[in-house]
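Please open the model in a viewer and keep the selection panel at hand.

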There are 8 protein chains.
Amino acid sequence: MGKREVEVSILMGSKSDLEIVQEAIKILESFEISYEVKVLSAHRTPKDLVNYVEQVVNNGVKVIIAAAGMSAALAGTIAAHTVLPVIGIPIETKNLKGLDSLLSTVQMPKGIPVACMSIGMSGAANAGLFACQILALQKKDLGKKLKKFKEDMAKEIRKIRIG
Amino acid sequence: MGKREVEVSILMGSKSDLEIVQEAIKILESFEISYEVKVLSAHRTPKDLVNYVEQVVNNGVKVIIAAAGMSAALAGTIAAHTVLPVIGIPIETKNLKGLDSLLSTVQMPKGIPVACMSIGMSGAANAGLFACQILALQKKDLGKKLKKFKEDMAKEIRKIRIG
Amino acid sequence: MGKREVEVSILMGSKSDLEIVQEAIKILESFEISYEVKVLSAHRTPKDLVNYVEQVVNNGVKVIIAAAGMSAALAGTIAAHTVLPVIGIPIETKNLKGLDSLLSTVQMPKGIPVACMSIGMSGAANAGLFACQILALQKKDLGKKLKKFKEDMAKEIRKIRIG
Amino acid sequence: MGKREVEVSILMGSKSDLEIVQEAIKILESFEISYEVKVLSAHRTPKDLVNYVEQVVNNGVKVIIAAAGMSAALAGTIAAHTVLPVIGIPIETKNLKGLDSLLSTVQMPKGIPVACMSIGMSGAANAGLFACQILALQKKDLGKKLKKFKEDMAKEIRKIRIG
Amino acid sequence: MGKREVEVSILMGSKSDLEIVQEAIKILESFEISYEVKVLSAHRTPKDLVNYVEQVVNNGVKVIIAAAGMSAALAGTIAAHTVLPVIGIPIETKNLKGLDSLLSTVQMPKGIPVACMSIGMSGAANAGLFACQILALQKKDLGKKLKKFKEDMAKEIRKIRIG
Amino acid sequence: MGKREVEVSILMGSKSDLEIVQEAIKILESFEISYEVKVLSAHRTPKDLVNYVEQVVNNGVKVIIAAAGMSAALAGTIAAHTVLPVIGIPIETKNLKGLDSLLSTVQMPKGIPVACMSIGMSGAANAGLFACQILALQKKDLGKKLKKFKEDMAKEIRKIRIG
Amino acid sequence: MGKREVEVSILMGSKSDLEIVQEAIKILESFEISYEVKVLSAHRTPKDLVNYVEQVVNNGVKVIIAAAGMSAALAGTIAAHTVLPVIGIPIETKNLKGLDSLLSTVQMPKGIPVACMSIGMSGAANAGLFACQILALQKKDLGKKLKKFKEDMAKEIRKIRIG
Amino acid sequence: MGKREVEVSILMGSKSDLEIVQEAIKILESFEISYEVKVLSAHRTPKDLVNYVEQVVNNGVKVIIAAAGMSAALAGTIAAHTVLPVIGIPIETKNLKGLDSLLSTVQMPKGIPVACMSIGMSGAANAGLFACQILALQKKDLGKKLKKFKEDMAKEIRKIRIG
């Protein structure tokens, strides 16, 4: 039996990032996108990371999501080893409040793009959605679901009554 | 005669952003990606912007790149009206050195993702490349060209001799 | 029977902003200014927002107050669609402590002004007061009440005895 | 012969701010709003400033615009002595790039609002426009001119052709 | 009976600042410096503040300490009305973590100095000490006490044993 | 023949700081305050610095002004070795625009106060003025000159005519 | 019997820094590196500090680790008095979240290097590791242990299973 | 003939960093330390970088210096692949003035230390000096030269006469 096809790979630099990353997972599950989640660190498991990234395209992976904090080299290192689209989630930090993670993730030099999302949970959810938006270019049904998701958000807001 | 097919739409908030945006254009041209460029402002031509965004999918557009500075609402406003992937380029600013553009572009709330690149020229070039990486999921040749682009960058670096 | 006249419209991007916005409401009520409060998002209900802003002048609205956080496009988007004075309240954020909301709200490009208040609760109260100051140009009594409010603040401070 | 009626008073903390403030003056002149311009400093001429602010309403002034840099106390000090709407322009600074002026102008405590614009020239132009928006609540013609100004901005953008 | 002589005047912009200011009071009491504490606001009681500052020299006051937060105009406004040395304590703030108070207090324009201390409690204690250092230029005994205070601090540290 | 009496000692961490420090010198000269200027570095001549600080009181020095940039330890190190009032001037820096110098100078821990002025030239001038304000507590004439200086600043501003 | 040989000296500016510094101690103990820990302040015990630093090389110390917060002059002052490698740990602070400690520690002027680690606990652990990396140049076994430490970190990550 | 022995390896992410890195080279040359300089990028030549780092110890390299800007992953990536001491130089950047490079270089997670120097030229010179300080633990002569370098710096300062 062959290996399970996976459309989105979600990597995080530390297991403590999982609470944040869960927001991306929830989105992918709600859109029925196949995914796998791994803890791989640009600094602590650099070779495992490169090995993983180089073979991931063979499993069918089309988009990679990477969450990391502090000097957040994860998304950039992945982007250095693949031409798949890489989405970065800057994880919030205790001291500099995620400013370090944000600048490390977003300020990529010319030639190696990373698609940076907002810091923390909203960024994780948006990473999941952005992955879906990319995949939807090839899957008409997914595009429709994304439009419905937008309409449902609007409906939720319309229901609110104040005063 | 039918309208020209366009894969990437590039919008900027002000004509003065063109010098920066040129880096994205150069990349798209070198990869032979069809594109169109428009000046449309979230603040000064909000209706034109929405009209444009709503019909752009009909021209075949698959990715939208948006460059804006200061309170940079352009990419976010576009993302509010489409489920196409939107890539944001924060334009550098005179006073706050692009920190305002960066935070306005990247700190999107949950539900409406924008793929934020680095501030200024490197971000513009990367926006072009990231658009290609998305399109390459459907175009095998483009993927090969992106790999060659990466190899060429490496070769350029390898040629450098110091001392 | 006709629709209730409303002098000030208060919009917020998310229901979670209501705790902050309450400070503006308290001020408007203490000055007996008619108002209405709505949750409308520049990113999640962009069309509802534009429709609301375009017709709001017909209800007699003279000032719009807009509260939003992160990439806070609400006040700027409203200002793009009206020539009524728009007052922005940057909502505090978990990670960047409201710096993102502040820069997104205040750094408006030339041509589309937003009157930005301080971050969070003090800014919300001041948004209510600033709306009153604008309305007082046409309502002599309101001007007197504002002067009395100032005197009362001073009296409160004068009462304090330390040591 | 009586004193000239003045609708908008423009104050700046130092003569060197005039280049920036000129943007506000240009706007007021284009909308035919009467104004006067003075250099008055919260720190170097505090009594002249208070005397001026206390009598300014007698000349018909309805809105005060205040431009200052560094520890920019001008707008806040004016707001402490009047219930007229006060609009603040944070002047750019050499070292901290206007961040000091911005935070000093915008972070007003509860009870004393200042309507803060963006840093520097765009903020000065917007201060002029925001003053017009306030005055337009009493002057129907001014409201029409403001709408035309918006349309003209949009037309300027529509004229731009790229490539 | 004449009014009590007071060497140091301590002002704060809001009663909520008292917890911080207490650190300055403790220092002054331990050095047996006469002082008085008042709540006076540059924004909410501007005239009381000026009246107080103008007469304070008659009570024998030689140094003024001013504590304020956010757009912290208190120390600067006092310095505008006196040639006595003014010491500023930037009060910590919820959102911008005292960066706003610090920049508003320290970035005084040429001509009107404020001696800015560190943010919050350490700054308040240091304001008390700095006042003593100024007074010690005229009081030999106080200079000796300050030296002893320094030696006692060193002794406290020398007592610490780790491991 | 005895050594010249000196009231104010001005130290700077590097000769390149002299252009900025000149503003303090100009002020001291205009008020006829005796001073001396030395280049002494907390990092490069730490022992010379301590030796100098420990004997400086014997020359009659009453106030020490210290200018330094980057990790600006000069003022704090001086304050560690004396109970004379120490005034710090944060020198502007190329990369972080003086934010590093400012935080290093102002954020002194409890027990060792430094009176921090604004960044750069305005701070240097104010350091000179603040030294005069301290000395004026013992020199009545100096107090009068300081008042006249303030009045002259106001007169300069009053002379300005705009438009 | 002679004094115990010590390879690494760990200094901190205040006893409250011990919780953070403990991370460095744990690392040194796990690698069986001899060390001593002292509280010595650049500002409160400047002479003790210099005396200690000047003789420390005689005890065999090869690396000095210094932890301090706010205007963190400790590492820089030590570096001024020795040519031993000095490693700085910026301690997190309540108000500016360690940004002050970081800039004070890292922005050393040309000529006096400090090896700055990240803010807080991760920086403290890394200070211990970096000291080991330096010592390992002379101790082959230590180099092997450091490689094993790296492999163990990787193994820990590899054990993690998600979902 | 065997390969030349090299004590220090200097890497930079882009040839444009050479002007800054030159300061490190000058220092190493003045101390007669053998070195080699290479352009290798964590993002554009990731495999060359890893290959280089893994074999560099065989050439006798004892310290690696890495200079990079923006999302500066170079030093951290090197540190991930070696237990040699890695010194990072954050290169100044056009928009965020090196704050991005600094935070990316210094905020390393627990387990993978990088010794971060100050931004730009002073940091590059200090990287060279810090490498020498490490090497001096094994080379007595080098220690003496470093002490002489310090004395020479002090002498240079002592020669300066002002006024």
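Begin by selecting chain B and chain A together: the count between them is two salt bridges, a salt bridge being a side-chain nitrogen of Lys or Arg within 4 Å of a carboxyl oxygen of Asp or Glu. This is a predicted model, in which local features need pLDDT of at least 70, side-chain atom pairs count only at pLDDT 80 or more, and totals for chains, interfaces and linings use all residues. Residues are numbered from 1 along each chain as its sequence is written, chains are lettered from A and ligands numbered from 1 in the order in which they are written, and side-chain values use heavy atoms, with hydrogens and water left out.

**The interface of chain B and chain A**

Select Glu23(A) and Lys110(B), whose side chains form a salt bridge with an N to O distance of 3.3 Å. Helices H3 (74-80), H4 (99-106), H5 (121-135) and H6 (140-159) and strand S5 (115-116) of chain B each supply at least two residues of the side that touches chain A. Helices (H or I, at least four residues) and strands (E, at least two) are DSSP runs, numbered from the N terminus. Colour H5(B) next, as this helix gives the most to that side, with seven residues. The residues of this side divide into 26 nonpolar, 10 polar and five charged; Ala, Val, Leu, Ile, Met, Phe, Trp, Tyr, Cys and Pro count as nonpolar, Asp, Glu, Lys and Arg as charged, and the others, Gly among them, as polar.

Now show the whole interface: 41 residues of chain B are in contact with 41 residues of chain A, contact meaning heavy atoms within 4.5 Å. The area buried between the two chains is about 3400 Å², with carbon and sulfur atoms giving 67%; buried area is the accessible area (1.4 Å probe) that two parts lose on being put together, summed over both. In chain B, select Val83(B), Pro113(B) and Leu137(B), which lose the most area to chain A, together 20% of what that side buries.

**Chains without contact**

Turn to chain B and chain G, which no contact joins; their closest C-alpha atoms lie 17 Å apart. Chain C and chain H are likewise joined by no contact, with their closest C-alpha atoms 15 Å apart.
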